[in-house]
Amino acid sequence: MFKLIFRTAVIILLSTTAMHAQAPDIEWVKAIFGSSPNAPLAATLTDICTDADGNTYLTGEFRNELKFGAITLTGNSEAALFLAKYNSGGTPIWAVKVTANTPTTFSAFTYSAKVDADGIGNVYLSANFEAASLDFGNGTTLNRTCNDNCREGFLARFNGSGVVQFVKG
């Protein structure tokens, strides 16, 4: 059986120069690679933010596998969220995943993931989800409380090392 592997790259352009009528000064550009036998789209970037130290945080959805430099996340064939941290020089520091458990569809998170950072090193991830439960790693899960065919939301806080601190649904 032949597997078709599609590669997609999400190019991230960052600039510390304010966007006016002039062209921005680009400080770094990185590619994020993924593979998926089910669809040509392996990853979707849904939000990006920076903190006071110049670190950059990315979030979005992916299927199967996603690579941030030497860091590889393995999800499932349906959908998973990613949250990644890059330092001010564009080097990936860490990446974590949130996987959706069945029943789910490719739109388990409906492209809704958002990320923000506070002034003391914490990172916040929020999204809608349709899966029966979510796995945040380190034994942290969140179960959906509504009936079938419904959507709920969550807010999760991660520390500066990418370890989940709490999840609220």
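Analyst: Here is a short tour, from confidence to strands to side chains. This is a predicted model, where local features need pLDDT of at least 70, side-chain atom pairs count only at pLDDT 80 or more, and totals for chains, interfaces and linings use all residues. Residues are numbered from 1 along each chain as its sequence is written, and side-chain values use heavy atoms, with hydrogens and water left out.

User: What is the average pLDDT of the protein?

Analyst: The average is 77, and 74% of the residues score at least 70. pLDDT is the predictor's confidence in each residue, from 0 to 100.

User: Where is confidence lowest, and where is it highest?

Analyst: Strand β1 (residues 6–14) is lowest, with a mean of 29. Strand β9 (residues 114–117) is highest, at 96. Strands here are DSSP runs (E, at least two residues), numbered from the N terminus. Over residues 1–20 the pLDDT is below 50. That stretch still has 51 contacts in the model beyond near neighbours in sequence. A contact means heavy atoms within 4.5 Å. Where pLDDT is low, the predicted coordinates should not be read in detail.

User: OK, sheets next. What is the strand order in the open sheet of 6 strands?

Analyst: The order is β3-β4-β7-β8-β11-β12, and the pairing is antiparallel. Two strands pair if DSSP finds at least two bridges between them.

User: Which strands stand at the edges?

Analyst: Those are β3 (43–50) and β12 (141–143). Each has a single partner strand, so one side of each has no neighbour in the sheet. On average, neighbouring strands of this sheet are turned by 15 degrees against each other, direction ignored. The angle is between lines fitted to C-alpha atoms.

User: How many bridges join β4 to β7?

Analyst: There are 7, between β4 (residues 56–62) and β7 (residues 80–86), which run antiparallel. One detail: E61 has L81 in β7 as its bridge partner.

User: Switching topic. How many aromatic pairs does a search of the whole structure find?

Analyst: It finds 6. Rings of Phe, Tyr and Trp (its six-membered ring) pair if their centres lie within 6.5 Å; planes under 30 degrees apart count as stacked, over 60 as edge-to-face and the rest as tilted. F129 and F154 form a tilted pair, 6.3 Å centre to centre with 55 degrees between the planes. F129 lies in strand β10 (residues 123–129) and F154 in strand β13 (residues 152–158), so the pair ties together parts 25 residues apart in sequence.

User: And what about F136 and F154?

Analyst: Their ring centres are 5.1 Å apart and their planes are at 85 degrees, so this pair is edge-to-face. F136 is in the loop between β11 (133–135) and β12, 18 residues from F154.

User: Are F136 and F154 buried or exposed?

Analyst: F136 counts as buried because its relative accessibility is 4%. F154 is buried too, at 5%. Buried means under 20% relative accessible area, exposed over 50%, partly exposed in between (1.4 Å probe, protein chains only). Elsewhere, F62, F68, F82 and Y86 form one aromatic cluster.

User: How many salt bridges are there?

Analyst: The count comes to 1. A salt bridge is a side-chain nitrogen of Lys or Arg within 4 Å of a carboxyl oxygen of Asp or Glu. E65 pairs with K67 here, the closest N and O atoms being 3.6 Å apart. E65 is partly exposed at 27% relative accessibility, and K67 is partly exposed at 30%.

User: Last one. What is N122 in contact with, leaving aside its neighbours within four places in sequence?

Analyst: N122 is in contact with D116, A117, R157, F158 and N159. N122 lies in the loop between β9 and β10. At 12% relative accessibility, N122 counts as buried.

Key:
Helices (H or I, at least four residues) and strands (E, at least two) are DSSP runs, numbered from the N terminus. Axes are lines fitted to C-alpha atoms, for helices over the stretch in contact, and angles run from 0 to 180 degrees between N-to-C directions.
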